[in-house]
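Please look over the following structure with attention to how its secondary-structure elements pack against one another. The briefing below goes from the overall make-up to the individual contacts.

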Amino acid sequence: MNEKLIETLKEERNRLYPAKLVLMTRGFGKNYMMLNRMLRYFAYEHVCSIYKQLDYEITLEQAHKDMDEFVVSVMSEL
């Protein structure tokens, strides 16, 4: 039911990380920033896997909020 949303989220993820890897430049030294970017990439996958199983429509704004909540909840546990 959310196929178009899932395709849109995958396109966004691919634009953010075209090599499908979250890479930082050498000497970046900001572990928190790198972890945040890695979690953002995983949030796209996590949200898409959940939305495949739902039988009601989700908006793009709600998807972004869900990804933000996922990243914040994981970061707060660290």
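The protein chain holds three helices and zero strands, where helices (H or I, at least four residues) and strands (E, at least two) are DSSP runs numbered from the N terminus. From the N terminus on, the order of the elements is α-α-α. This is a predicted model, in which local features need pLDDT of at least 70 and side-chain atom pairs count only at pLDDT 80 or more, while totals for chains, interfaces and linings use all residues. Residues are numbered from 1 along each chain as its sequence is written, and side-chain values use heavy atoms, with hydrogens and water left out.

**Chain as a whole**
- Of the 78 residues of the protein chain, 27% count as buried, that is, under 20% relative accessible area, with exposed meaning over 50% and partly exposed in between (1.4 Å probe, protein chains only).
- Among contacts (heavy atoms within 4.5 Å) with a separation of 6 or more, 75% come from residues 24 or more positions apart.

**Helix H2**
- H2 has 21 residues and reaches 30 Å from its first C-alpha to its last, close to the 30 Å expected at 1.5 Å a residue, the expected span being 1.5 Å times one less than the number of residues.
- Leu39, Tyr41, Ala43, Tyr44, Val47, Cys48 and Tyr51 of H2 are buried, and the buried residues of this helix pack against H1 and H3.

**H1 with H2**
- The axes of H1 (residues 3–16) and H2 (residues 31–51) come within 10 Å and cross at roughly 170°; axes are lines fitted to C-alpha atoms, for helices over the stretch in contact, and angles run from 0 to 180 degrees between N-to-C directions.
- H1 and H2 are therefore roughly antiparallel to each other, since angles over 145 degrees count as roughly antiparallel, under 35 as roughly parallel, 65 to 115 as roughly perpendicular and the rest as oblique.
- The residues making this contact include Leu5, Ile6 and Leu9 of H1 and Tyr41, Tyr44 and Val47 of H2.

**H2 with H3**
- The axes of H2 and H3 (residues 60–77) come within 9 Å and cross at roughly 130°, and the two helices are therefore oblique to each other.
- Among the residues in this contact are Leu39, Arg40 and Ala43 of H2, together with Met67, Phe70 and Val71 of H3.

**Arg40**
- Arg40, which lies in helix H2, is 30 residues from Phe70 in sequence and 8.5 Å from Phe70 in space, C-alpha to C-alpha.
- Leaving aside neighbours within four places in sequence, Arg40 is in contact with Tyr17, Met67, Asp68 and Val71.
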